[in-house]
Amino acid sequence: MLLEGKNVIITGASRGIGRGVATVFAKNGANIAFTYLSSATKAKSLENELACFGVKAKGYKSDASNFIAAQELSKSVIEDFGSIDVLVNNAGITKDSLLMRMTENDFNLVMQINMNSVFNMTKAVIKTMMKAKKGSIINMSSVVGVKGNAGQTNYSASKAGIIGFTKSTALELGSRNIRCNAIAPGFIETEMTESLEDDAINNWRNQIPLKRVGDPEDIANVSMFLASDLSSYITGQVINVCGGMLT
Ligand code: NAP
């Protein structure tokens, strides 16, 4: 029960990695406020699943890319839960294409949802964390933000931006005992990756020393470490969780 009594916000937890993080956190005693954009039925079923662990759990329909919505969400969570100890900025999308074919709209949309959401949500929680003199913020970057990837200029720019934001936030808020770290997942099996061709998946797998793709629990376990007091001397770091792909 490493997170017993901690109140956590996770963005984009109706499925995939966010759902995995919510489940592992709840198993470890955290109360979970999570968001989704359109998957209302999946969100309701997650709320019920999490409540079975004896914790408080509530889903909020909230667009993480909208600044005002992030402020309103934070206010509602404080009203409902009392405080915010941990923020996991997980919501994200892809709109892949080669740069030659990428539209301005697809570039801006990915930046808005992946990168601006991290700014919006971090701004929305830091006042309450500063008052409490503690907090842990975990931002979901990607190995693609560290090394780049053909066909993903928009996505890799957003994920690299998250790394810069994470390090700067850690420098600004360290003296307030607020930690901020990023996780760079490798290839994780979720709805985000299921549309890829078998050849592309095999190509990724061949580059992974552990010879398997990851699953949401692999990311959730590292998130739990960063959310817990076990990592109380770790801030401003990027942890690659990629089966050794970036070695
Ligand atoms: P996913 O299965 O596609 O799930 C995305 C989640 O984000 C869903 O819960 C979705 O909600 C939510 N979401 C999307 N746009 C949103 C918005 N504007 N506001 C609030 N919620 C929003 O993706 P995933 O694979 O779990 O990825 C989660 C994070 O890990 C992303 O940031 C992704 O970039 C990162 N990541 C993934 C991989 C991978 O291999 N899967 C690798 C590296 C990094 P709805 O269900 O309501 O649409």
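One cut-off before we start: buried means under 20% relative accessible area. Keep in mind that this is a predicted model.

Let's begin with Ser-136. This serine is found in strand β5, residues 135-140. Is Ser-136 buried or exposed? Its relative accessibility is 2%, so Ser-136 counts as buried. Now look around the side chain. Setting aside neighbours within four places in sequence, Ser-136 is in contact with Asp-85, Val-86, Leu-87, Met-129, Arg-179, Leu-226 and Ala-227.

Take Leu-226 from that list. Leu-226 sits in helix α9. Relative accessibility here is 0%, so Leu-226 is buried as well. What does Leu-226 touch, not counting residues up to four places away in sequence? The partners are Ser-136, Ile-138, Arg-179, Asn-181, Ile-183, Ser-231, Ile-234 and Ile-239. For a sense of scale, go from Leu-226 to Leu-73. They are 153 residues apart along the chain, and their C-alpha atoms are separated by 23 Å.

Stay with α9, and bring in α1. Helix α1 covers residues 16-27, and helix α9 covers 216-227. Their axes come within 8 Å and cross at roughly 55 degrees. That angle makes α1 and α9 oblique to each other. The crossing of α1 past α9 is right-handed. Who meets whom? On the α1 side we have Gly-16, Ile-17, Gly-20, Val-21, Val-24 and Phe-25. On the α9 side, we have Pro-216, Glu-217, Ile-219, Ala-220, Asn-221, Ser-223, Met-224 and Ala-227. Sorted by class, this contact of α1 with α9 has nine nonpolar, four polar and one charged residues. Note Ala-227, which meets α1 and is also in contact with Ser-136.

Next, α3 and α4. Their axes come within 8 Å, and the crossing angle is roughly 35 degrees. Again, α3 passes α4 in a right-handed crossing. From α3, the contact uses Phe-67, Ala-70, Gln-71, Leu-73, Ser-74 and Ile-78. From α4, the residues are Phe-119, Asn-120, Met-121, Lys-123, Ala-124, Val-125 and Thr-128. The α3 and α4 contact divides into eight nonpolar, four polar and one charged.

That brings us to the rings. How many aromatic pairs does the structure hold? Two. Phe-67 and Phe-119 form a stacked pair, with 6.1 Å centre to centre and 25 degrees between the planes. This pair links distant parts of the chain: Phe-67 is in helix α3, residues 67-81, and Phe-119 is in helix α4, residues 104-132. The two are 52 residues apart. Phe-67 is partly exposed, at 34% relative accessible area. Phe-119 is partly exposed too, at 37%.

Phe-187 and Trp-204 form a tilted pair, 6.0 Å centre to centre, with 50 degrees between the planes. This pair also links distant parts of the chain, 17 residues apart. Phe-187 lies in the loop between β6 and α7, whereas Trp-204 is in helix α8, residues 198-206. Phe-187 is buried, at 6% relative accessibility. Trp-204 counts as buried at 17%.

Back to α4, which also packs against helix α6, residues 153-173. The angle is about 15 degrees, and the axes are 8 Å apart. So α4 and α6 are roughly parallel to each other. The crossing is right-handed. The contact from α4 includes Phe-107, Val-110, Met-115, Phe-119 and Ile-126. The α6 side includes Tyr-155, Ala-157, Ile-162, Phe-165 and Leu-173. By class, the contact of α4 with α6 counts 13 nonpolar, seven polar and two charged residues. Spot Phe-119 again: a residue of the α6 contact, and a partner in the stacked pair.

Last item, backbone angles. Most residues other than glycine have a negative phi. Which residues depart from that here? Lys-133 is one of them, with a positive phi of about 60 degrees. Lys-133 is found in the loop between α4 and β5, and is exposed at 61% relative accessible area. Lys-211 is another, with phi near 55 degrees. Its place is in the loop between α8 and α9. Lys-211 counts as exposed, at 51% relative accessibility.

That's my tour. Over to you.

Notes: Residues are numbered from 1 along each chain as its sequence is written. This is a predicted model: local features need pLDDT of at least 70, side-chain atom pairs count only at pLDDT 80 or more; totals for chains, interfaces and linings use all residues. Side-chain values use heavy atoms; hydrogens and water are left out. Axes are lines fitted to C-alpha atoms, for helices over the stretch in contact, and angles run from 0 to 180 degrees between N-to-C directions. Helices (H or I, at least four residues) and strands (E, at least two) are DSSP runs, numbered from the N terminus. Angles under 35 degrees count as roughly parallel, over 145 as roughly antiparallel, 65 to 115 as roughly perpendicular and the rest as oblique. A crossing is left-handed if the near helix is turned anticlockwise from the far one by less than a right angle, and right-handed if clockwise. Contact means heavy atoms within 4.5 Å. Ala, Val, Leu, Ile, Met, Phe, Trp, Tyr, Cys and Pro count as nonpolar, Asp, Glu, Lys and Arg as charged, and the others, Gly among them, as polar. Buried means under 20% relative accessible area, exposed over 50%, partly exposed in between (1.4 Å probe, protein chains only). Rings of Phe, Tyr and Trp (its six-membered ring) pair if their centres lie within 6.5 Å; planes under 30 degrees apart count as stacked, over 60 as edge-to-face and the rest as tilted.
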